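Take the structure first, then read on.

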Amino acid sequence: MEPFASLDDLKARLDWALSEDEERIADSALEDASELARAYGRDWDADAAPRLVRSLVLKACARYLRNPDGYTTSRAGDETLSWSDAHGRDAGSVYFTREEQGLLKTLAGGAVGIFSVPMTAWRGGPGRPTQTTVRTAGTDEPFEFWSGADPW
């Protein structure tokens, strides 16, 4: 499928000019990030996706291009440059942070999964009441629905 952003969009977010090899890598990164966005979100068409999807893809690609080898520290003489190691095994690849993954799920229509919702049929909370009556049509006399004694 078509990437959510173009190479020119990505170049506009970077503060250096890409070499020919970097452009090739950037194209691949855009494709990878777009596929990841579809996996975490929905199988959107490139022209019909929410704008935030495009922004998240560009952000993930720019993050990758700034540190394609996944280094955590770079030292040259007395200068040291450090990157976060918070993403461990994902460093050196195109990835979305947990927050970005959550945004993609939300944009796709919510989180997917199995959920448990506690429910009770009784007004007093969980468990059975000691006595319950219901109103019946045509009479003011209540009908005993549950008496607390075992009906069997």
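**Questions and answers on the fold**

Q: Which pattern does the protein follow, read along the sequence?
A: Helices here are DSSP runs of H or I with at least four residues, strands are runs of E with at least two, and both are numbered from the N terminus. The protein has 4 helices and 4 strands. Read along the sequence, their pattern is α-α-α-β-β-α-β-β.

Q: Which pLDDT do local features need in this model?
A: Residues are numbered from 1 along each chain as its sequence is written, and side-chain values use heavy atoms, with hydrogens and water left out. The model is predicted: totals for chains, interfaces and linings use all residues, side-chain atom pairs count only at pLDDT 80 or more, and local features need pLDDT of at least 70.

Q: What percentage of the residues count as buried?
A: Buried means under 20% relative accessible area, exposed means over 50%, and partly exposed lies in between (1.4 Å probe, protein chains only). The protein has 152 residues, and the buried share is 24%.

Q: What share of the accessible surface belongs to carbon and sulfur atoms?
A: The areas come from the Shrake-Rupley method with a 1.4 Å probe; for residues, only the protein chains shown count as cover. The accessible surface of the protein comes to about 11200 Å². The part that belongs to carbon and sulfur atoms is 49%.

Q: How do α2 and α3 lie to each other, and why?
A: Two packed helices are described by the angle between their axes and the distance between the axes. Axes are lines fitted to C-alpha atoms, for helices over the stretch in contact, and angles run from 0 to 180 degrees between N-to-C directions. Helix α2 (residues 20-40) and helix α3 (residues 51-66) pack at about 135°, with axes 9 Å apart. Angles under 35 degrees count as roughly parallel, over 145 as roughly antiparallel, 65 to 115 as roughly perpendicular and the rest as oblique, so α2 and α3 are oblique.

Q: Which residues of α3 make the contact with α2?
A: Contact means heavy atoms within 4.5 Å. From α2 come Glu22, Ile25, Ala26, Ala29, Leu30, Ala33, Ser34 and Ala37. From α3 come Val53, Val57, Leu58, Cys61, Tyr64 and Leu65.

Q: How many residues of the contact of α2 with α3 are nonpolar?
A: Ala, Val, Leu, Ile, Met, Phe, Trp, Tyr, Cys and Pro count as nonpolar, Asp, Glu, Lys and Arg as charged, and the others, Gly among them, as polar. The contact has 1 polar and 1 charged residue. The nonpolar residues number 12.

Q: How do α3 and α4 lie to each other, and why?
A: α3 and helix α4 (residues 98-107) have axes 10 Å apart and pack at an angle of about 160°. The two helices are therefore roughly antiparallel.

Q: How many residues of the contact of α3 with α4 are charged?
A: α3 gives Leu52, Val53, Leu56, Lys59 and Arg63, while α4 gives Glu100, Leu103, Leu104 and Leu107. Of these, 6 are nonpolar and no residue is polar. The charged ones number 3.

Q: Is Val53 buried or exposed?
A: Val53 sits in helix α3. Beyond four places in sequence, it touches Phe4, Ala37, Trp44, Leu104 and Leu107. Val53 has a relative accessible area of 0%, so it is buried.

Q: What is the relative accessible area of Met1?
A: Met1 lies in the segment before α1 (7-13). Leaving aside residues up to four places away in sequence, Met1 touches Glu35, Arg38, Asp43, Trp44 and Asp45. Met1 is exposed, and its relative accessible area is 58%.

Q: What separates the C-alpha atoms of Pro68 and Ser93?
A: Pro68 is in the loop between α3 and β1 (73-76). Pro68 is partly exposed, at 34%. Pro68 and Ser93 are 25 residues apart along the chain, and their C-alpha atoms are separated by 6.7 Å.
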